[in-house]
Amino acid sequence: MKILQFSGGKDSLACLYLLKREWDTLNVVWVNSGAAYDETLDYMKYWRAKLPNFIEVMGNQPQQVAEEGWPADIVPINDTSFGRLFVESDRPKIQSYLNCCANNIWYPMMNFVKQSGVTQIVRGQRAADDRKSGIKNGDIIEGIKYDFPIYHWSDDHVFEFLKAEGAYIPEYYFKGEKTGRDCWDCTAYLDENKVRIANLPADKRAIVCGRIEKIRDALMSSALGSWEK
């Protein structure tokens with residue numbers, strides 16, 4: 001079974017158009033974290049209507065975040081679930097952004113892959129990505145072949161290709177955002193998410209910014225407490 005891992009971002013979208021001749025048979029798999037943007041839900045509704053084998057895999061980000069805390073780029077240990085076994089605090093829980101993404105996006109996708117007998121994965125991973133897996137194009141791991149057809153493409157190449165194809169490019173790229181959207185209430189990836197947060201509706205932006213301020217307060221309290229000791 002061959003699948004395209006589809007986030008709706010520009011890179012997986014480019015892979016989708018590269019495989020346009022296979023749309024009638026291609027298994028296109030999207031993980032809905034449970035905190036998807038309304039615009040993303042509409043976007044995936046569009047693709048579900050066009051692709052006969054569009055598959056939605058569900059995560060449960062709201063519950064996981066409620067249990068493990070808000071994701072952050074820098075994590076005060078005492079405010080993690082493990083830290084709370086030893087230190088009492090009235091501050092909110094905080095977790096690594098990697099832990100959050102793993103539990104709400106990557107593991108649900110991996111579970112689907114294992115349960116469905118997938119033998120080939122197409123992914124929009126590129127060499128220019130700041131964050132990417134250690135898997136290489138053409139690797140075969142546990143019987144699964146990984147294909148990264150745009151691995152050596154630049155951002156400009158991706159957009160030029162999509163425009164030439166007349167692709168349905170998400171509007172947020174034209175509002176200054178650089179990456180695909182997963183969870184609207186993400187409080188991590190701040191090196192690349194400032195514009196994304198600024199583009200949120202006012203009510204949602206206030207929620208996210210309020211959480212970020214509490215994360216910063218926790219970090220400052222943890223750092224100052226360690227220094228004073």
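Figure 1. Lys 10 is buried because its relative accessible area is 5%, and buried means under 20%, exposed over 50% and partly exposed in between, with a 1.4 Å probe and protein chains only. The model is predicted, so local features need pLDDT of at least 70, side-chain atom pairs count only at pLDDT 80 or more, and totals for chains, interfaces and linings use all residues. Residues are numbered from 1 along each chain as its sequence is written, and side-chain values use heavy atoms, with hydrogens and water left out. Lys 10 lies in helix α1, residues 10-18. Helices (H or I, at least four residues) and strands (E, at least two) are DSSP runs, numbered from the N terminus. Contact means heavy atoms within 4.5 Å. Setting aside neighbours within four places in sequence, Lys 10 is in contact with Arg 126, Asp 155, Val 158, Phe 159, Leu 162, Tyr 173 and Lys 178.

**Figure 2. Helix α1 is largely enclosed.** Why is α1 described as largely enclosed by the rest of the structure? Eight of its nine residues are buried, so the rest of the structure largely encloses α1. The buried residues are Lys 10, Asp 11, Ser 12, Leu 13, Ala 14, Cys 15, Leu 16 and Tyr 17. They pack against β1, β2, α2, β6 and α5.

**Figure 3. Two nonpolar cores.** A nonpolar core is a set of buried Ala, Val, Leu, Ile, Met, Phe, Trp, Tyr and Cys residues joined through side-chain atoms within 4.5 Å. The largest one has 28 residues. Phe 6, Leu 13, Leu 16, Tyr 17, Trp 47, Phe 54 and Leu 162 have the most contacts inside this core. At least two of its residues come from each of α1, β2 (27-32), α2 (38-50) and α5. Helix α1 gives the most to this core, five residues. A second, separate core has 15 residues, including Val 29, Val 57, Ile 144 and Phe 148. In soluble globular proteins, nonpolar side chains tend to be buried together.

**Figure 4. Leu 13 and its contacts.** Which residues are in contact with Leu 13, leaving aside its neighbours within four places in sequence? They are Phe 6, Tyr 43, Trp 47, Leu 162, Ala 167, Tyr 168, Ile 169 and Pro 170.

**Figure 5. Phe 159 in helix α5.** Phe 159 is found in α5, residues 155-165. Phe 159 and Asp 11 are 148 residues apart in sequence, and their C-alpha atoms are 9.0 Å apart in space. Leaving aside neighbours within four places in sequence, Phe 159 is in contact with Lys 10, Ile 169 and Tyr 173.

**Figure 6. An open sheet of six strands.** The strand order is β3-β2-β1-β6-β8-β7, with mixed pairing. Two strands pair if DSSP finds at least two bridges between them. β3 (54-58) and β7 (140-141) stand at the edges with a single partner strand each, so one side of each is left without a neighbour in the sheet. β1 (residues 2-5) and β2 pair in the parallel sense over three bridges. Here Gln 5 stands opposite Val 29 in β2. β6 (residues 120-122) and β8 (residues 144-147) also pair in the parallel sense, over three bridges. Gln 120 stands opposite Lys 145 in β8.

**Figure 7. The hairpin of β7 and β8.** These strands pair in the antiparallel sense over two bridges. Ile 140 has Lys 145 in β8 as its bridge partner. Two residues sit between the strands of the hairpin, where Glu 142 takes a positive phi near 50°.

**Figure 8. Val 122 in strand β6.** Val 122 is found in β6. Is Val 122 buried or exposed? Val 122 counts as buried because its relative accessibility is 4%. Val 122 and Cys 15 are 107 residues apart along the chain, and their C-alpha atoms are separated by 7.6 Å. Leaving aside neighbours within four places in sequence, Val 122 is in contact with Lys 2, Ile 3, Leu 4, Gln 5, Cys 15, Leu 19, Asp 147 and Pro 149.

**Figure 9. Helix α4 has a kink.** α4 (residues 97-116) has 20 residues. The kink of about 45° is centred on Asn 103, and the bend at a residue is the angle between axes fitted to the seven residues ending there and the seven starting there. Gly 117 follows α4 and has a positive phi, near 70°.

Terms used. The expected span of a helix is 1.5 Å times one less than its number of residues.
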